[in-house]
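Let's take a walk through this protein together, one piece at a time. Keep the sequence and the 3D view side by side as you read.

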Amino acid sequence: MSDKKLGVLIHGAGRISTQYIKAFNNNPNTEIVAVSSRRIESCKQRVEEAGLKNVELYTDYEKALKQDNVDIVAICTPQHLHCENTISASEAKKHIVIEKPVAINLDELKAMRDAVRKANVKTIVGFVLRWNPLFETLKAMIADNAFGNIYFVEVDYQNYINSWWSGYEAVRKKETGVSASLVGGVHAIDALRWFAGRGRYKSAKPIEVFAYKGGFRMGKTEAYVKDAHRWRDGAKPLEYEAFEIGLVKFDNDILGKFSTNSECIMPYSFPIEIFGDRGSVKDNRIWSHKYPGQTGWVEIPTIMPESGDVRHHPFQAEVDHFVDCILNDKESHCNLEDAVLTHEIAFACLMCYETGEPIKLPLL
Ligand SMILES: NC(=O)c1ccc[n+]([C@@H]2O[C@H](COP(=O)([O-])OP(=O)(O)OC[C@H]3O[C@@H](n4cnc5c(N)ncnc54)[C@H](OP(=O)(O)O)[C@@H]3O)[C@@H](O)[C@H]2O)c1
């Protein structure tokens with residue numbers, strides 16, 4: 001292994017980029033060498049607040065990809081740009097971090113998967129919760145047979161998506177955000193696959209999906225202001241239903257249920273339930289045959305997935321894992337190939353709303 005650090009280009013200098021800049025800057029094997037975005041002011045702001053030196057700034061992404069010392073690209077633009085950004089980075093033979101959702105339709109998903117396969121570069125998708133400490137603990141316990149043979153998993157994404165979010169304008173529109181389960185709930189869908197995977201670093205393969213959509217918020221200009229616990233009028237409305245509920249059959253016989261609730265009047269929450277023939281999980285509360293004397297829930301003190309604030313998410317662990325994969329020529333469990341299966345569930349829900357029938361997977 002050479003002593004040279006891997007050079008990182010950050011593309012899309014918004015909110016999430018702040019976390020990738022921090023994480024790549026902290027990793028001893030990487031350095032930020034370039035930032036590109038729509039506006040040069042955003043690039044400057046990111047570099048200045050992080051105290052970075054010797055970083056090239058661009059408003060032309062294709063030009064940034066030509067910079068000699070760029071080895072990794074972190075795509076932090078809004079979701080409707082991820083496909084074209086990923087294809088360009090693959091053609092330039094860069095390893096790629098792709099924020100979720102990676103694509104806004106099945107054609108994009110296929111095109112980017114094919115481009116990455118052809119270029120044979122490494123990828124990781126921003127399903128950062130896989131490194132949340134509660135997730136890590138539960139996956140280790142699943143691998144240790146703490147719950148026996150798992151037969152049912154439920155995960156729910158509960159977050160009132162607010163218009164203060166810099167990405168809200170792209171997220172709220174049907175054309176660029178597509179659905180609540182694609183832009184937000186995809187974290188719960190990925191967690192469902194992760195906990196249904198039998199093994200420490202395995203996620204389960206979905207084979208069938210059935211879903212309903214509903215809720216009250218679509219098209220409404222009244223918005224909930226969570227921090228002030230009040231309502232205001234004049235907000236730009238969501239163009240799709242903010243509530244979805246889906247059932248998933250996996251190829252290992254586990255059944256899954258997820259919901260996306262982007263209109264709940266309460267603080268952010270991400271409940272997890274796992275049921276096996278030797279134990280159960282309710283968030284960080286455990287009931288297991290491994291504790292034969294237990295008379296009440298065993299509660300694990302840990303960091304819960306209970307915040308939508310990106311500063312709370314374990315991006316450092318995600319980035320360190322990705323750099324390790326690149327340096328040691330390993331594929332990540334959270335690569336684009338794996339993320340295709342998570343995204344297919346969100347797209348299958350949309351197909352189900354059209355047909356009213358269960359949708360068989362895979363779709364690609
Ligand atoms: N994994 C997670 O937990 C997590 C959390 C939050 C967000 N995300 C995802 O991360 C992505 C970005 O979200 P965000 O919250 O960071 O949004 P954001 O603050 O709006 O940042 C997006 C940035 O992309 C830039 N951009 C927009 N159009 C562009 C274009 N045509 N060319 C180049 N740059 C362009 C904008 O740059 P300018 O400032 O230069 O105009 C903006 O700063 C979304 O897909 C979102 O779903 C993931």
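Where is the place of P362? P362 sits in the segment after strand 17. Strands here are DSSP runs of E with at least two residues, helices are DSSP runs of H or I with at least four residues, and both are numbered from the N terminus. A word on what you're looking at: this is a predicted model, where local features need pLDDT of at least 70 and side-chain atom pairs count only at pLDDT 80 or more, while totals for chains, interfaces and linings use all residues. Residues are numbered from 1 along each chain as its sequence is written.

Back to P362, which is joined to L361 by a cis peptide bond with omega of about 5°. There's another cis bond between K100 and P101, where omega is about -15°. P101 lies in the loop between strand 5 and helix 5 (106-119). While you're in that part of the chain, have a look at K93, in the loop between helix 4 (82-91) and strand 5. The phi of K93 is near 60°, a positive value in a residue other than glycine. For background, most residues other than glycine have a negative phi, and most peptide bonds are trans.

Now for the overall layout. The domain assignment, which comes from an automatic or database source, gives domain 1 (6-128 + 318-335) and domain 2 (130-305 + 341-360). Their C-alpha centres lie 26 Å apart. Where the domains touch, 17 residues of domain 1 are in contact with 16 residues of domain 2; contact here asks for C-beta atoms, placed from the backbone, within 7 Å of each other. The side of domain 1 that touches domain 2 has 10 nonpolar, four polar and three charged residues. In that count, Ala, Val, Leu, Ile, Met, Phe, Trp, Tyr, Cys and Pro are nonpolar, Asp, Glu, Lys and Arg are charged, and the others, Gly among them, are polar.

Let's turn to the sheets. Strands of a sheet pair through backbone hydrogen bonds, either parallel or antiparallel. Two strands count as paired if DSSP finds at least two bridges between them.

H11 stands opposite S36 in strand 2. Strand 1 also pairs with strand 4 (residues 72-75), in the parallel sense over four bridges, and there V8 stands opposite I72. Further along, strand 5 (residues 95-98) runs parallel to strand 6 with three bridges between them, and I98 stands opposite V125.

Another open sheet has nine strands in the order 16-15-14-13-7-12-11-8-17, and its pairing is mixed. At the edges are strand 16 (298-299) and strand 17 (359-360), each pairing on one side only. Strand 11 (residues 243-250) runs antiparallel to strand 12 (residues 255-261), with seven bridges joining them; the partner of F243 is N261. Strand 8 pairs with strand 11 in the antiparallel sense over eight bridges, and K213 has E244 as its bridge partner. Strand 8 is also antiparallel to strand 17, over two bridges, with E208 opposite K360. Helix 12 (residues 336-355) lies across strand 8 (206-214), strand 11 and strand 17, at about 50° to strand 8.

Finally, the ligand. It is surrounded by 23 residues, and the closest are G12, G14, S42, S166 and G167; a residue counts as near if its C-beta atom, placed from the backbone, lies within 6 Å. The shell divides into eight nonpolar, 10 polar and five charged residues. Domain 1 and domain 2 each supply at least three residues of that shell.

Conventions
Contact = placed C-beta atoms within 7 Å. Axes fitted to C-alpha atoms, helices over the stretch in contact; angles between N-to-C directions.
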